[in-house]
Amino acid sequence: MSKPVLGLVLGGILGIFDGLTAYFTPEARTMLLGIVIGSTIKGVVAGLAIGFFSKRVHSLPLGILFGLGVGLLLAFLVAAMPQPGGKHYYFEIMLPGAIVGAIVGYATQVWRGKSLSTA
Amino acid sequence: MRDDTGIGGSADRFPETRSSAVLAAQSPDLLERERGLAILVETYWKPAYKYLRLRFGASNEDAKDLTQGFFARAIEKDFFDGYDPARGSFRTYLRTCLDRFAANERKAANRQKRSPGAALLSLDFDGAETELRREPASAERGAEDYFHDEFVRSLLALSIEKLREECLLRGKDLPYRLFERYELDRDGDQTISYDRLAEEFQIPVTQVTNFLAFARREFRRIVLEKLREITANDREFREEARSLLGVSS
Amino acid sequence: MRWLSNATVAHLRRVAEWPDLGATKYRLLGELGRGGMGTVYLAEDVMLERRVALKVVATSAPAPEAAARMLREARILAGLEHPGIVPVHDAGALPDGRVFYAMKRVDGQRLDALAPTLPLPERLRIFRRICEAVAFAHARGVIHRDLKPENVMVGPFGEVLVMDWGVAKILSEPPPATGEGAAASGGGAAARPGGGVATAEGTVVGTADYMAPEQAEGAVERTGPPADIFALGGVLAFLLRPEGAAPRPLSAAVRKARATLPEDRYASAGELAADVTRYLEGQRVLAHAEGPLERAGRVFTRYRAAILLILGYLLVRTLLILFAGHP
């Protein structure tokens, strides 16, 4: 599995789980399905981007930072979308989203995949 | 399997025909005995003189008398017949005999005169004294080490002299002069180089290289010959070679 | 007669031992070092215009045994073509009869001098290279028998070379006919017809601190690759010295390599290298029985970034859930 594909898959899976945690926020529970789908798409897109970055740049700190940044950015875009009731959940969406991006960044950096082992 | 003993075989190249002066000095044949003793005296008299000056604090006159007396007595009384190669090097044996002789002489109130008829060895004691002044004994070196150092100096000086004589005899004066200039006269002169020699002697650099190589080769051969002469067997030769060759003083 | 100063005497003593390279393609440049059986000189190969190290039999060495031994050493090296083993270029005899061989001139430092200046991971990587070279030699039926930090050179580009195969043993070589032994490093060799110089039973060869028990007893027949493993354990212990308290997994690896019985040691230099690699990669070192706490610590250290990120996410999520609805 290549790094972009790993990013895509992992980003999608973590996006599903991240979206499901909305269950614990009563106001968001009613829109759970939409949140999960949106979070999954966000995760897939972020994961793909992070995976491509990790393919080009071989640096664990930079990979984590890039993932953090991409996760933060996409989470911001989602949080900034108009919500019923007009309330925006920037903090609740961006912070976890950034960390998920960082996790995908870490995973794609340490993943050996098709490339030769460099022991 | 290949016979490697024939390869190199450095023992074959050494002058096995040159017999040991130590063994010759013990020979019943008078001429052989004299030859052996002459070589041993030639090699050891200067180290003995300097050693006596250092070890016993003898004045130059006393050391001269002791040295003369020791070798004269050694010749008269066949001191060297008592040497057994299995028990150590000849150099150590000689030094031990010298110690004993000097101690006994000191105990006796009057130094025993050499018996009439014994040959007075003609040795350049003034030269030895001058050498001592030029290079005094180092306080850190023990007497035994000092004797070894002077023995090495004596052996090498004799080898240089032999090299000079042989080169002269064979019409190889230039190689000797180059050797002298490059290896012997270089004290403090770190700028000496083959190019400079070529300039000084008005010869090509390649000739400097070849002549120096020749002289060094001959020098080594002579040193090893001399070493063979003053050792009794192959084991002693190798031990002396180990302590003499290559190492810094 | 000419008077010779101390400086001149010292110089002439070296000159008298210098090899006469006139009939060879080498030009003498200086002296690099001296051992019991030979001296190593720096020379220039004028044909190939490169510097080489020339090892020449010492005059004080017993001939023809010394000649045979030197040639044997050269042949062993010639048969071991590996990046971690110093390559030999040439062998022959000088006009004065002394045997010599020419090998790669290694520009670098001895491991015993260099190791204290390096961080642990770098020392361990060097150690792995040594193991690789030794494993290669073992696969070719050759045991070094004198492995120690002083016999390893590290070049300026990190290349590692195992040197001084003067007392190496060829496993397939039959023992000498006579078994008279002599306790001397490098000594006690019998020059056999045909030129082989196998070590007589009872002879002790090697360096005390790194010598396996069977080697120290002079049990030449029983001395095999495990003796080199023992020595490698000694080298590893040396490399761990700057640490003060060495990491426990590596101490365990040292103990296993230096087990008293050969059968209790690592089965090969490759296995020892593999355990060191495991340590470097944060995996479990097989020679070390780690407790649950130690294992948890190792796993945490190895995956620390991932664990911290996941815990961070869970913490943030938990806090958000707990304080949801609070302004």
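In this predicted model, 13 residues of chain C touch 14 residues of chain A. Put together, the two chains bury about 1,300 Å² between them, and 76% of that area sits on carbon and sulfur atoms. On the chain C side, a trio stands out: C:Leu309, C:Tyr313 and C:Arg317 account for 42% of what chain C buries against chain A, more than any other three residues.

One of that trio, C:Arg317, also pairs up with A:Asp18: their side chains meet in a salt bridge, at 3.0 Å from N to O. As for polar contacts, 3 residue pairs turn up between chain C and chain A, with both partners at pLDDT 80 or more. Much of the chain C side comes down to helix α10 (residues 304-322), which gives the most to the side touching chain A, namely 10 residues. Sorted by class, this side of chain C has 9 nonpolar residues, 3 charged ones and 1 polar one.

Chain A also carries a nonpolar surface patch of about 930 Å², with A:Met1, A:Val5, A:Phe17, A:Leu48 and A:Phe52 among its members. Two elements of chain A, α1 (3-20) and α3 (32-56), each give two or more residues to the patch. Helix α1(A) provides the largest share, with 7 residues.

Terms used
Residues numbered from 1 in each chain as written. Chains lettered and ligands numbered in written order. Predicted model: local features only at pLDDT ≥ 70, side-chain atom pairs only at ≥ 80, totals over all residues. Heavy atoms only, no water. Contact = heavy atoms within 4.5 Å. Buried area = accessible area lost by both parts, 1.4 Å probe. Salt bridge = Lys/Arg side-chain N within 4 Å of Asp/Glu carboxyl O. Polar contact = N/O pair within 3.5 Å; in protein donor to acceptor, adjacent residues only side chain to side chain. Helix = DSSP H or I, 4+ residues; strand = E, 2+ residues; numbered from the N terminus. Nonpolar A, V, L, I, M, F, W, Y, C, P; charged D, E, K, R; others polar. Patch = residues over 30% accessible without salt bridge, like charges linked within 9 Å, V, L, I, M, F, W, Y side chains within 5 Å. Areas by Shrake-Rupley, 256 points an atom, 1.4 Å probe, with all protein chains shown as cover.
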